[in-house]
Every structure is written in structure tokens, then in C-alpha cells.
Amino acid sequence: MLEKRTLAQTLHIPRQWPYMFRALNHRNFRLFWFGQLISLIGSWMQSLALQWLVYQLTSSAFAMGTVAALTSLPVLLLSPFMGVVVDRYPKRWVVFWAQMGAMISSLILAILTFSDSVHYWHVLALALVNGVVNAVDMPARQAFTSEMIGNRDDLMNAIGLNASIFNGARAIGPAVAAMLVSAVGLAWAFLLNGLSFIAVLIGLMMMTGLIAPAPRKSDSSSVNDFMDGARYSLQTPLIRIILVLVLVPSILGFGYTSLLPIFADQILQTPLIPEGSTRLGAMMVANGIGALLAALRVARTNAQTDRRKLLLNGALGFGLGICLLAFNRSFWLALPIMTFTGFSMVSFLATANTILQTTAIDSLRGRVMGFYVMTLVGLGLVGSLQAGFVAEHWGTPIATGIGGLACVISALLGLRSKALLTLVPQKEQA
């Protein structure tokens, strides 16, 4: 009888969630979701505080791009191989130890900042550490979602709900961080982020009855397992086109985020909000609100949703949003632009994520998601460096505009893909 009294009952969570939140009916996913909600708010607090710290230490666009690049480098080099690890070992404990590593990294940064001994090289070193953690955590966390969800029909809803808390936290975290930075300093944002990981660690330990295949013990080498995943990803038309569509924004589009402190401090000034960090926080909040709305929209989708349309419209809107930001000089107009950009970005990425997870076979899902993470985050190394380099020599608006135009062209070319036509509901095809 005691076993029936779950955390959901203790928190007065309803037995059956509304359709938009139906994945929360799965207890293990619910534990993970609430833990991530707390942890991700801390992560977005640190994201703003870290950008502002690097800007204060260096006043350099290239330096900010370098930090983002070093975070991406281990993901680029390691995440496809980490997909092999994810397929061989229990995903819950892979995620657990990766989250533990991220917590330790944040607490070290907090101690350095509190003691006023933080230097740029510290930030670079910790960026590499975080990159290694992400190379393990991201493919494991993506593939782990299907193990927490017993019903495959609820998988897209689960991915949408994960995106909703990621982007809801994006709306809350920077706002809290902006207030903390102005009131008590950067170090508190780093400390609170470190402590926020406790919630997700507890959730992972409380899970029971996971719908998980037995850990795979392969007689083949890790290199052969890696090559199997590579061949499968490249030879499956739908997986291949999704990875290509994600590739262009990763290299040329997402680098704009590392330039936002320059937009906030130098380009989009307004006397009503004199603090650059506050303007940066407001822009990130606006971006997060748009992203949250998109995540909730994705969570409402079902088998009759035209995922091709959702994917390509999101990719096109993201490119157009970045172009508008590049030409804009008004802080107040930048807020709806950031909202539109965030909405489009999550519509695109959440749909791409769902397509990959529902297309990949169980035994190779970790490796497919490893390639996805490498493409999305790892190749952001190139994007961050090129954005910082172009901004340093030709200006931030030009660097941003180039990325936006490339994303628009990529989305338009995606319209020609025959593989994506398989995503159109049968009624519409007829």
C-alpha cells in the first residue's frame, strides 16, 4: 500500500493530465520533468551571467564566441562516440553522472567568482569541461526520453513538454539572473545553478520500472559500433535530410546568440533601461517566451499533424527572424523579433528531434541522437567562431545577417526533399 503513494499524490498531481500534458501520466517522465524544470532555470541563469562575465572580462566578440566554441568542441569530437556508450549502458545512470559533472563545474565557477579570482582562462577551461559533460549528457538524455514513456504515441508530447520547460526556463532564468547580477553580483547565479542540479539528481534516483532494453554487450569494437550508427544515419533518407537541415543553422545561424551582449550593450540602447545586462535579460526572456509557446504548440500535435510543414516553416521563420534582428536598431522592436525567432527555432528543433527519435530503431537510437547532438551543438563550434570573427572585423549586424540568410536558403531548399513528403499525413497526400 505504501508503494502506491507516489510523489504525484504527495504533490496533489491529478491522476490523469489534460491531453496537452498527457506524457506526465508516466511517473518516471514526471519525476524527470519536474527535476529538469528546476535545473534548467538555473542553467539559463548561468547562461546570461556567463555571457556578461566574459563581456566584462574581455569586451570582445571573438572572446565570447571562443567560449561558446570551446563548449561545442568536445560535443563535436565526442558525441557520436558517446552515442555508442549510451546504447551500451543504462541511460539513467549515464545522465545521472553527467548531471553531477555539470553541477560540480557550476559550483567551481561560483567559488572563483565569489573570491574575485576568476579569469578568462578559468572560463575557457570550464567551458571545455562543460563541453565534455554535454557530449555525454545530451545524446543520453535525448534517447532516455523514450525509456521513460511507455506509450510511443506520447513521445512527441514528451519532447514538446521537455522543450516547454527548457524554454519556459529560458524566459524565467535570464530575468532572475538579470536581477541577481544587478543586485548582488554574478556569483549568485552560478551558485544557484549548481544547487539546482540536486532536483534532477533526486528525480533520477527515484525512478522505478523503466521501459528499457537490457544494456547491450557487443562483441564488436566501439569503432565498429560507431560506423554502424554512421551508416544507418547516412543511409536512412529521412534521418539524413533532418541532419542536413539542422547542420546549416548550427554552423551559420545559432552563432547570433553569442553576439547578443553586443546588441544589448552597444546597438540597442534605450534611456529607459540604462543597464546593458537588463536589456540582455529582456531579450533572452522574449526569446524564451516565443520558444515556450512553440513548445506547447508541438505538445498539442498528434498523428494527423503535418510535421513537414511544421519543420520547414520553423526553419524558415528562424532565418527570417535573425535577418530582422540584424537590420533592427530599436530595442523595443527587438523584443517581438526575439519572440518570433524563439518560436520558429523551437518549432523547427522540437519537430526535428521527434522525427529522429520516432524514425530510429531502438538499438541505434543513442547513436542517431549522438549524431544529432554533434550536428546541433558540436558544429556550433564553427558557428560561434565564424560569428565572432565576422563581427570583430565587419560588425555584429553583418555577422548576424549572413547567418539568417543562410538559414532561409536552407529551409527553401528543404522544400525539394522527397524524404520529407513521408511526414505529410495520408489524407493530405491524397
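Is tryptophan 97 buried or exposed? Tryptophan 97 is exposed, with a relative accessible area of 57%, where exposed stands for over 50% relative accessible area, buried for under 20% and partly exposed for what lies in between, with a 1.4 Å probe and protein chains only. The model is predicted, and for that reason local features need pLDDT of at least 70 and side-chain atom pairs count only at pLDDT 80 or more, while totals for chains, interfaces and linings use all residues. Residues are numbered from 1 along each chain as its sequence is written, and side-chain values use heavy atoms, with hydrogens and water left out.

**Overall fold**

- The protein chain has 17 helices and 0 strands, both taken as DSSP runs numbered from the N terminus (H or I over at least four residues for helices, E over at least two for strands).
- The radius of gyration is 21 Å, close to the 22 Å that the globule rule gives for 430 residues, so the chain is as compact as a globular protein of that length; the radius is taken over C-alpha atoms, and the rule is 2.2 Å times the number of residues to the power 0.38.
- Along the principal axes, the C-alpha atoms fill a box of roughly 55 × 55 × 45 Å.
- Among contacts (heavy atoms within 4.5 Å) between residues at least 6 apart in sequence, 86% join residues at least 24 apart.

**Surface and charge**

- Buried residues make up 59% of the 430 residues in the protein chain.
- The chain exposes about 18,100 Å², of which carbon and sulfur atoms supply 68%, as computed by the Shrake-Rupley method with a 1.4 Å probe.
- There are 28 positive and 16 negative side chains, and the centres of the two sets lie 8 Å apart; Lys and Arg count as positive and Asp and Glu as negative, without His and the chain ends, and the charges are placed at NZ of Lys, CZ of Arg, CG of Asp or CD of Glu.

**Aromatic pairs**

- The structure holds 10 aromatic pairs, that is, rings of Phe, Tyr and Trp (its six-membered ring) with centres within 6.5 Å, called stacked if the planes are under 30 degrees apart, edge-to-face if over 60 and tilted for the rest.
- The rings of phenylalanine 32 and phenylalanine 144 have centres 6.1 Å apart and planes at 85°, so this pair is edge-to-face.
- Because phenylalanine 32 lies in helix 2 (residues 27-58) and phenylalanine 144 in helix 5 (residues 120-148), the pair ties together parts that are 112 residues apart in sequence; phenylalanine 32 is buried at 2% relative accessibility, and phenylalanine 144 is buried at 0%.
- Phenylalanine 96 and tryptophan 97 also make an edge-to-face pair, since their ring centres are 5.2 Å apart and their planes stand at 85°; phenylalanine 96 is buried at 7% relative accessibility.
- One aromatic cluster is formed by Trp93, Phe96 and Trp97.

- Arginine 92 is in helix 4 and is buried at 17% relative accessibility; leaving aside neighbours within four places in sequence, arginine 92 is in contact with Phe144, Leu204, Met205, Met207 and Leu210.
- Threonine 113 belongs to helix 4 (residues 91-114), is buried at 15% relative accessibility and, not counting residues up to four places away in sequence, touches Val118, Leu186, Ala187 and Phe190.
- Aspartate 116 is found in the loop between helix 4 and helix 5, counts as exposed at 69% relative accessibility and has a positive phi of about 60° although it is not a glycine.
- Most residues other than glycine have a negative phi.
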